[in-house]
Structures are given as structure tokens and as C-alpha cells.
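The following briefing concerns a single predicted model.

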Amino acid sequence: MPFQKEPPHTHGSVARNALVLVNLGTPDAPSRRAVRRYLKEFLSDPRVVEIPRRIWWFILHLVILPFRSGASAAKYEMIWTRDGSPLRVHTEKQAALLQAALEERGHDSIKVAWAMRYGAPGLAEVLARLKAEGVDRIAIMPAYPQYSGTTTGSIWDAVFAHYATVRNVPELRLVKHYHDHDGYIDALRDTILEHWEANGRGEKLVMSFHGVPKRTLLLGDPYHCECHKTARLLADRLRLSPNDYIVTFQSRFGRAEWLQPYTAPTVAQLARDGLRRVDVICPGFTSDCLETLEEINMEVRREFEAAGGQDYHYIPCLNEAPAWIAGMAEIAEQHLIGWPTMMSPSQREAERRDAAIGGERAEQMGAV
Ligand SMILES: C=CC1=C(C)c2cc3[nH]c(cc4nc(cc5[nH]c(cc1n2)c(C)c5CCC(=O)O)C(CCC(=O)O)=C4C)c(C)c3C=C
Ligand SMILES: [Fe+2]
Ligand SMILES: [Fe+2]
């Protein structure tokens, strides 16, 4: 198999470690065409839809893409910002803030990049760019706190597929999950407490996670368990009793059964049971996106109100909350242990000398 051309052996850059924050991806524009392109890539991933490929190809191309692209584009239009898709805007900001937080903690030779599993900037493009910059140790940190084969597993597939085309593969570390990490749970707790301080507190806290087909749980996907562990730890940290909160699953896709209870009917039932106010948070999403801003903050709100509910509070995702940036830095630090991410001035000087000598030597030997 032909491998990609290796970049010149420069030894040049000081930042030879990188951490790549990877999120799901989002369309380039809230247009039918861009959404179709994005959904096609996303829903063609066999990790995401586990239906025999030939059968799925017909359903995807003859039913889903023609009918869903326009409807989804209209939803994206409602949440689109001047800077683009919220998911992309938050991911980019988080990466910049994480870079600053790591530098503040003394990690001056770690470069923080960001990439998307589907759409742009793609993982392959970002990993190739880092290689060209001389990075030879890479930690991959998904934006998903809970592991699922459908999300984190798929990121690993893309990373391995990319490096299958590379001759000189960098050292790799994979952050599998952080559903129970204090930095994450405490950031969620702070967000909720701040919301309650400013707005008072609802009768029930709904913790809504993105769903997956129930079949994946039966086949061994730990996602359901990890969502419940996050919820239990968060409830403990907030001193909630079991009656004060409920875990639900949203964004069901297709006709098969997904993880239950489903968010929308559960919230509507709470209203019918006489609850006047609910607070809803989506702890599995670290950035606000279509699934939180449109589905939870608009659609589910409408259902709650239609069922007689009075007061619906959506609590935003962690986004750029300082406690979350600090939490991410802690998670990153724990995965970077053993890598030389801090340099003394003399090490920095030695690195520069080595780079200069190495560059000359590579030129003499005609290295590409
Ligand atoms: C088809 C099956 C799907 C599975 C399984 C799935 C798992 C899953 N997804 C997220 C996070 C996000 N999903 C988002 C959007 C989205 N998800 C699906 C389908 C599945 N997700 C679709 C078809 C869409 C597109 C939107 C639509 O047309 O309705 C998003 C938002 C993206 C954005 O641009 O804002 C996120 C984030 C997780 C965490 C997960 C499993 C654990
Ligand atoms: Fe999804
Ligand atoms: Fe949705």
C-alpha cells in the first residue's frame, strides 16, 4: 500500500506534543445541500447505523437524505449564529481556552488543535497538519464524556484509518471517557448551582442524554451505564434525592427502540402530573448544538407547555465555562503524564540547536 509522503525532517518546531479535541461535526451551512453532505457522511458510518450496508444504502439515499436534509436545514437555520454552527464555534473556543489553561499550568510545548469526526476540519486533515508541523506525540480527546462505540469508537476508527496511510506514526494516547471525572462533574454542578442562584430552582431536574439504539446496550456498549454514573455523581454533588431528578434519553432516530425513558414524552408527562416547573440539562453534550438548542430548548419546551407546564428552564451546556476549561485541563494533564510538556530555558535552547543540526543533516542526506 502506498504511504503518504513524509514531511521534511526539520526537527524545527518546539511544540512536538499535541492534544486534539474532537467533536462530532456539523454542516458548513444551514442549507439543504450542506446538511445533506454532512448527514450522508455521518449516517454512512457503520458505527452509527448498524444495519446491513446494502439495505441501509437504499434507505439512506432514497428516504432519509431526500426527506430529512431540508427539514434538518430549517432547524439548523434557527440556531445558526453569525460565527457559524454553535457546535463548531464552541469547540474552536474551547480549544483556544484549553491551550491557554495548559500554558498557565506550565505546559508550554503542547499544541491544542481541534477537529471534527464528520465534516470540516476533518481528523485526517488536522492530523496531517500536525505531522507537517513536527508533532510526534498526540493525545486525542473526544468531546464526549461518556464512551459509546457510536461516537468515541468511531473517532478511534478515523484515527487508525488515517495512520494506516502513514509511514512514521506518532506516539498516541486516547482519552476514552471522563464521565466520572471530578473536573467534569464539578463543572456541571457549578453550572446548575449558578442557574439556580439566578433563577430559583425547579421541582425536578431532568438530565437528558443523547440516545442510542437499545440494541447497542444489549450488545455491550457501556454508554447507558456511564450516563447513569454521571447522573448519580452529579446528583450526589448537588445533594439531590432520587425523586429530585430523572435521567432521560433524547434524539431518537428511526423506528427501533432506543434507550428509555425518552425525554420529550417524559417531560410532557411531568407537566400532566402537575409539575409546574422543570429544569433541563444535557450533561452528555459539552457544547450547545442542534440537539440542545433546537430539540431541548425549543421542541421539548413546546411539548411541556402544551401539556400544561408553566415554567421550562433549559440550563446551557458547559461550553466555555471557566470551571469546564479547568476541568478539561486537568483531564488533559492526567493523560499527558510522562510526556515532556514543560521545558526549561536550557532544554529549549538544546532543542533549537538539535533542530538546526538535524535540519542540515537531513538536507545533506537528501531526506524528503
Ligand atoms: C442515527 C443514529 C445516531 C446515533 C447512534 C447518534 C449517537 C450520538 N450522537 C451524539 C451527538 C450528537 N448528535 C447530533 C446530531 C445528530 N445525531 C443523529 C443521529 C445519531 N446520533 C443525527 C441524524 C443528527 C443530525 C441532526 C438531525 O438531522 O436531526 C449532534 C449535533 C450536531 C450539530 O451539528 O449540532 C450531536 C452533538 C452522541 C453523543 C451520540 C451517542 C452517544
Ligand atoms: Fe447524534
Ligand atoms: Fe435531534
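Helix α4 (residues 123-132) holds the buried residues L123, V126, L127, L130 and K131, where buried means that 20 or more other C-beta atoms, placed from the backbone, lie within 10 Å of a residue's own, exposed means 12 or fewer, and partly exposed means in between. Because these five cover an arc of only 140° around the axis, they lie on the same side of α4; the arc is that of the directions from the helix axis to the C-beta atoms. The model is predicted, so local features need pLDDT of at least 70 and side-chain atom pairs pLDDT 80 or more, whereas totals for chains, interfaces and linings use all residues. Residues are numbered from 1 along each chain as its sequence is written, and chains are lettered from A and ligands numbered from 1 in the order in which they are written.

**Helix α4 and its surroundings**

- The buried residues of α4 pack against β1 (17-23), β2 (110-116), β3 (137-142) and α5 (152-163); helices (H or I, at least four residues) and strands (E, at least two) are DSSP runs, numbered from the N terminus.
- An α-helix has 3.6 residues a turn, so residues three or four places apart point the same way.
- After α4 comes G134, with a positive phi near 90°.

**Shell around ligand 1**

- Ligand 1 is surrounded by 23 residues, of which T26, S72, H210, C289 and L290 are the closest; a residue counts as near if its C-beta atom, placed from the backbone, lies within 6 Å of the molecule.
- Two or more shell residues come from each of α2 (53-79) and α10 (290-306).
- The shell comprises 12 nonpolar, 9 polar and 2 charged residues. Here Ala, Val, Leu, Ile, Met, Phe, Trp, Tyr, Cys and Pro count as nonpolar, Asp, Glu, Lys and Arg as charged, and the others, Gly among them, as polar.
- Domain 1 (17-177 + 325-338) and domain 2 (182-315) each contribute at least three residues to this shell; the bounds come from an automatic or database domain assignment.

- H210 belongs to strand β5 (residues 204-210) and is buried, with 26 other C-beta atoms within 10 Å.
- Beyond its neighbours within four places in sequence, H210 contacts Q250, S251, G284, F285 and E291, contact meaning that two C-beta atoms, placed from the backbone, lie within 7 Å.
- E291 is part of helix α10 and is buried, with 21 other C-beta atoms within 10 Å.
- Residues up to four places away in sequence aside, E291 touches H210, Q250, S251, F285 and I296.

**Domain arrangement**

- The centres of domain 1 and domain 2, taken over C-alpha atoms, are separated by 24 Å.
- Contacts between the domains involve 23 residues of domain 1 and 20 residues of domain 2.
- On the side of domain 1 that touches domain 2, α2, α3 (86-104) and α11 (322-336) each supply at least two residues, and α11 gives the most, with 5 residues.
- That side of domain 1 has 11 nonpolar, 10 polar and 2 charged residues.
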